Amino acid sequence: MFGVSLFSSIISNNSISYSLHFFLLEKGGSRNSPFIILMPPIIAFDLETTGLNPKNDAIIEIAMIKFDETGILERYTTLINPGFSLPAESVNITGITDVDLKDAPFFSDIRPKILEFLTEWTPLLGHNVDFDISFFREYGIDVGARPLLDTFRIAEILFFDAKSLNLGSLLESFGKSFDGAHRALADSEATIILFEHCIEEMKNATAEKSMILSYLASAFSTDSAIGYVLQYAGFPRKAVSLNQIQKLIIDRRRAVPELQFFHDENLDISWKEILKKGGKRNMKTVQKGSNSNADQDLEWSVQSTYGEWEVADINLKNEFFNSFLEERVEQGKMLDLTTHAFREKELLLIEAPTGVGKTFAYGIPAIITSIQTGKPVYISTNTKTLQDQIFEKDIPAMRSLCDAQEIGDFSVTKVKGRSNYLSIFLFFEYIDENLREEIEYIVVAKLLFWLTKTEYGELDELSWYGQEYSIIDKLRSNDRRVLIPENPYRKEEFLYRVRQDAKTANIIIINHALLLSETTDDAPSKILPDIKFLVIDEVHNLEAVATDALKSATTLSDIEGALTGIDLIIKRQKSKPVADPFIFPELKEISESIVLNFGMTFDVLYRYLAFRVPQSQDNKYSQTLLEPNFFKQEGVGGISRILDALADRIHELITHLYGAPEALYVQMDRPISSIEWALKILQTIFREQEKDFIKIITLKNGEISVSITPLHVGKVLDNRLYNSLDACVATSATLSVHGDFSYIEKSLSMQSFSKHVLASDFDYASQALLFIPSDIGEIKNTIDRERIHDFIGDILSIVRGRTLGLFTSFMSIKEVFLQINPRLKKEGVTLMTQGLSGGRQRMIEYFRQHSDSSALFGTDSFWEGIDIPGKNLETLIIYKFPFAVPTDPVFIARSRLYRDSFSEYSLPAMIIKLRQGLGRLIRTKTDKGIIILLDSRINSAWGEKVKAGFPEGIKIRSGTKEIFLEMLKKKKM
């Protein structure tokens with residue numbers, strides 16, 4: 001044996017650092033044979049608990065495995081009696097029952113064994129290790145200052161683009177099986193496998209990744225867990241400086257080819273010419289990010305009701321068209337309507353049901369319009385996900401169609417808001433500062449790996465967790481310094497490249513939030529050319545998005561944070577040797593005065609909230625609409641003087657800082673703007689005459705926040721958006737109620753739009769059945785609700801999967817899950833439930849892969865935007881009608897704009913959302929399925945209006961649950 005001990009710790013200046021000592025073994029020899037390195041042992045461990053809070057919950061199982069490169073050295077696992085009956089949720093997740101724990105030892109009985117296992121100083125390894133350590137500490141187990149290695153964090157860096165960092169999902173992605181999730185021993189063994197895979201991944205890293213790993217190993221503190229793991233994997237292999245890393249990233253950015261663009265203002269062609277043979281044109285097609293393939297010849301027929309049949313036997317070259325190549329009469333109508341609107345410069349509102357193919361129907365005319373006019377056409381979507389889908393999937397499909405005729409060259413780019421892009425300059429500046437926290441090392445490491453691969457630099461390409469968000473917020477491109485000439489990396493910035501692309505692209509794909517900020521904000525931070533031709537997809541979401549996008553909010557913490565930020569910038573600048581130093585003001589007195597005055601205004605707001613909503617000790621969240629009676633409350637009258645004093649102090653601060661050099665002043669631009677904006681919000685709140693805003697006071701985790709948003713979103717859109725456009729096509733699958741557009745007209749001020757309702761190309765009479773049980777009672781009744789939950793379980797026991805359940809609250813999902821999951825688990829049916837089963841995308845991916853034995857339960861975000869065609873989804877359960885929350889301040893304020901708020905506002909909004917949910921089931925002409933509606937209010941006085949909103953021709957049946965279940969059984973036989 002070459003080394004006397006596995007580790008040595010060096011204690012100096014009250015800090016502990018670690019250096020690794022390795023055994024040297026002869027190949028194939030014993031521990032005492034020399035010549036080959038043996039890595040020191042590690043203890044992998046996992047706990048199963050009754051919940052997530054170590055203060056209130058208990059450990060019910062523990063597993064500890066000591067291992068090194070030779071294999072498992074020692075194991076210890078046991079169940080633990082918590083001394084009380086297990087909660088249902090714990091039983092559901094772990095499968096451990098009270099019977100299992102009846103004869104298990106108490107923790108006090110096994111504590112000596114755990115301490116004995118931990119006697120030898122070794123690192124601890126876990127997946128999300130901090131969670132387990134928090135329980136150890138609560139139980140009095142001191143793990144000391146040893147490294148806490150976390151496979152979650154290691155995988156987060158190495159596999160930054162993984163769809164899920166769930167232990168089982170990661171192992172599956174590596175082709176490794178994993179059984180026994182949520183049992184301590186199985187999870188510990190899986191963690192070891194994952195750790196070994198990560199170490200192997202690092203050891204076999206490419207030259208580029210190896211360079212980054214060597215830099216990280218040199219730059220990161222050896223006290224950090226990540227630094228320890230890097231040493232364990234043999235890094236650094238060579239000395240790598242920050243300058244070398246910066247050069248690697250910048251060279252990558254400069255290697256991205258500039259787009260070529262084509263415009264021909266004299267070109268005069270129509271979509272009909274594209275959709276038929278002839279009219280050949282030789283144009284080189286260029287698209288950023290296109291992945292079109294030339295695989296297969298297909299045919300596509302389109303009927304235009306505005307003329308004679310147009311039959312196009314086009315040679316399409318993309319398998320993606322397989323799902324589109326159906327005879328779509330309504331698509332032809334929409335193509336005509338959109339083309340006419342662009343040519344005649346009209347405002348057009350089209351309801352295009354699922355299956356029409358609306359993306360194509362507005363996309364082709366948009367392409368032609370841009371080619372003809374030389375002006376860009378903007379396509380705005382509700383979500384960034386749909387934005388990416390159109391760019392990455394639909395646009396290449398349209399390009400294949402155009403390429404088949406050698407017609408219609410067009411360039412495309414997608415643009416998101418400034419804050420979506422990483423700033424190269426801010427990132428390098430951040431790395432150059434001294435990093436102290438483990439979480440900072442993790443974020444930097446993940447970004448470095450990602451920067452060698454990303455083309456667009458969009459931060460939502462990555463998943464972020466907990467404290468990481470506060471770090472990422474410092475690196476976003478919504479900082480004036482990103483685009484100023486003094487930025488040495490200006491032309492390599494992702495935001496700069498995107499803005500350059502947008503100047504010349506034919507089609508610019510944006511999202512509603514960016515659309516609203518670009519057209520309603522007067523700030524000089526706009527990144528898009530003027531918008532004249534616009535398509536608004538999923539326009540039914542525009543009011544909600546506008547409400548959030550046009551909302552302004554602030555807290556006292558925001559203001560204090562901004563002042564602290566200014567102070568740090570000043571201190572950092574003072575520490576630098578400068579030939580002609582700027583004389584900074586004494587910030588402390590001014591800051592204290594500003595915080596004091598802001599604090600007094602927030603105190604008044606808190607008193608009003610307490611008056612409106614009585615507080616209880618455990619009330620962590622409450623909210624109220626600021627009503628007219630606010631201005632009669634004590635103390636409100638004197639606030640104007642406080643706000644005047646605030647304005648004076650803020651003006652004094654800015655006057656002092658304005659004399660700083662430009663390069664320095666722009667660093668303080670964001671915190672200064674934050675303080676000015678906070679003042680503006682409060683001035684609006686306390687002006688009684690400001691009646692066009694919804695004013696909201698919120699208490700969350702002990703802190704007061706205030707927000708304002710326009711009362712009449714439609715008026716803002718009409719004045720700042722519609723009136724500036726040459727032409728607009730707004731569309732969605734659900735816009736009208738019984739063919740009446742009154743609701744959308746008023747909420748979005750779309751009275752000037754011409755309106756059209758397209759028929760569905762689906763035969764709902766033969767494709768879908770909607771069943772309404774007659775004997776299950778009311779969801780509001782506790783006893784009935786349990787009966788309803790059992791009914792859901794009965795349904796899933798028969799169909800076994802391929803089911804989507806749409807709910808209106810997480811509480812409802814949890815109730816159903818706890819009641820029926822134990823039984824379904826025994827039957828081999830997996831319930832994927834929002835809030836309990838991971839992120840939305842992971843749930844959907846799992847469901848697609850295991851649809852025959854799983855059900856997917858979700859709330860708000862699952863009612864739309866999910867596309868699961870074919871046999872993967874055959875049953876849809878609607879738990880409750882999706883009415884807006886009646887206590888929501890925005891809902892309360894806007895409902896007062898209507899004479900009959902229920903029939904004119906609440907009910908139409910619900911029906912539109914319900915129709916979105918119903919649209920999840922039938923996605924193509926070959927889909928078939930059953931919808932079960934569990935809300936007994938369908939039998940109320942307004943229930944007929946709801947039924948009239950169901951898809952035309954759908955069969956509606958009502959009967960006892962026994963009759964329905966028997967029907968399901970026969971269907972499955």
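**Salt bridges and nonpolar cores**

Good morning. I begin with arginine 848, which is partly exposed at a relative accessible area of 32%; here buried means under 20%, exposed over 50% and partly exposed in between, with a 1.4 Å probe and protein chains only. The model is predicted, so local features need pLDDT of at least 70 and side-chain atom pairs count only at pLDDT 80 or more, while totals for chains, interfaces and linings use all residues. Residues are numbered from 1 along each chain as its sequence is written, and side-chain values use heavy atoms, leaving out hydrogens and water.

Arginine 848 meets glutamate 845 in a salt bridge of 3.5 Å, N to O, the term meaning a side-chain nitrogen of Lys or Arg within 4 Å of a carboxyl oxygen of Asp or Glu.

In one of them, glutamate 69 pairs with lysine 203, with the closest N and O atoms 3.5 Å apart. Glutamate 69 sits in the loop between strand 6 (59–68) and strand 7 (71–79), and lysine 203 in helix 7 (residues 184–203), so this pair ties together parts that are 134 residues apart in sequence.

Lysine 453 and aspartate 161 form another salt bridge, at 2.8 Å, N to O. Because lysine 453 lies in the loop between helix 16 and helix 17 (468–472), and aspartate 161 in the loop between helix 5 (151–158) and helix 6 (167–173), the pair ties together parts 292 residues apart in sequence. Lysine 453 is exposed, at 56% relative accessibility, whereas aspartate 161 is partly exposed, at 45%.

I turn now to the interior. A nonpolar core is a set of buried Ala, Val, Leu, Ile, Met, Phe, Trp, Tyr and Cys residues joined through side-chain atoms within 4.5 Å. The largest has 156 residues, and those touching the most other members include Phe195, Met202 and Leu447. Helix 16 (residues 438–451) gives the most to this core, with 11 residues. A second, separate core of 45 residues includes Leu563, Leu679, Leu682 and Leu699. Thank you.

Note on methods
Helix = DSSP H or I, 4+ residues; strand = E, 2+ residues; numbered from the N terminus.
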